[in-house]
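Good morning, and thank you for coming. May I ask you to look at the structure on the screen while I speak?

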Amino acid sequence: MSDCVFCKIASGEIPGLRVYEDEHTLAFMDIAGDVDGHMLVIPKAHYVSILDCDPNTLSHVIRTVKKVSNHLVANCGYEGIDLMCANGESAGQTMPHLHIHIIPRKTNDGLGDKGEWPSFPGAKRDIREVYEQLKMM
């Protein structure tokens, strides 16, 4: 889709801090600056949400989410992850391209107790420093 920011990041038209990439998906750092390590996983093909995504593409997206999440826990010092994915405006989706947020977690990280949705107090480290720690390529 020609006016989609995430499609432009996937195509390389707009730069992004790419943590992982394969033929079908891209994981990159979220520039929101809300929490260290916050990243997004998207399909390279344009889909608005899970609701219009074909099962094969969605399977690729979930495989990438799992691969990146395992990397964060096995290699980057995190203990767990939160996943977030709003689908549709009424659910709070603000970017009309399917994306899954990965929020790396540690015990006592200040993002909320177990069982609570995290609050985001603001990133503490420079995004490029965190990117260098997390990238997989």
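This is a predicted model: local features need pLDDT of at least 70, side-chain atom pairs count only at pLDDT 80 or more; totals for chains, interfaces and linings use all residues.

The side chains of T107 and E79 are joined by a polar contact of 2.4 Å. By polar contact I mean a pair of N or O atoms within 3.5 Å, where, within protein, one must be able to donate a hydrogen and the other to accept it, and where residues adjacent in sequence count only if both atoms are side-chain atoms. In sequence T107 and E79 are 28 residues apart, yet their C-alpha atoms are 7.2 Å apart in space.

Residues are numbered from 1 along each chain as its sequence is written, and side-chain values use heavy atoms, with hydrogens and water left out.

T107 is found in the loop between β5 and α3; helices (H or I, at least four residues) and strands (E, at least two) are DSSP runs, numbered from the N terminus. With a relative accessibility of 52%, T107 counts as exposed. On this scale, buried means under 20% relative accessible area, exposed over 50%, and partly exposed in between, using a 1.4 Å probe and protein chains only.

The loop between β5 and α3 also holds N108. N108 is exposed too, its relative accessible area being 77%. For context, most residues other than glycine have a negative phi.

I turn now to a pair of histidines. H101 belongs to strand β5, residues 100-105, while H38 sits in the loop between β2 and β3, the latter being residues 39-43. Are these histidines buried or exposed? H38 is buried, at 4% relative accessible area, and H101 is buried as well, at 18%. Their side chains are joined by a polar contact of 2.7 Å. H101 has a further polar contact, of 3.4 Å, with the side chain of H99.

Neighbours within four places in sequence aside, H38 is in contact with M29, D30, H101, I102, I103 and P104.

A pocket, on a 1 Å grid over the protein atoms alone, is an open set of points where a 1.4 Å probe fits, with protein on both sides within 12 Å along at least five of seven lines; lining residues have an atom within 4 Å of a point. The largest share, three residues, comes from α1. The volume of the pocket is about 520 Å³, a volume being the space filled by probe spheres set on the points, which are joined across faces, edges and corners.

Finally, the charged pairs. How many salt bridges does the structure hold? There are six, a salt bridge being a side-chain nitrogen of Lys or Arg within 4 Å of a carboxyl oxygen of Asp or Glu. One of them joins E21 and K44, with the closest N and O atoms 2.8 Å apart. E21 lies in strand β1 (residues 18-21) and K44 in the loop between β3 and α2 (55-75), so this pair ties together parts that are 23 residues apart in sequence. Both ends are partly exposed, E21 at 29% and K44 at 26%.

Another salt bridge links R125 and E129, at 2.9 Å between the closest N and O atoms. R125 is partly exposed at 29%, as is E129 at 45%. K135 and E132 form a further one, at 3.1 Å between the closest N and O atoms. Through shared partners, salt bridges also join R18, E21 and K44 into one network.

How values were computed: Contact means heavy atoms within 4.5 Å.
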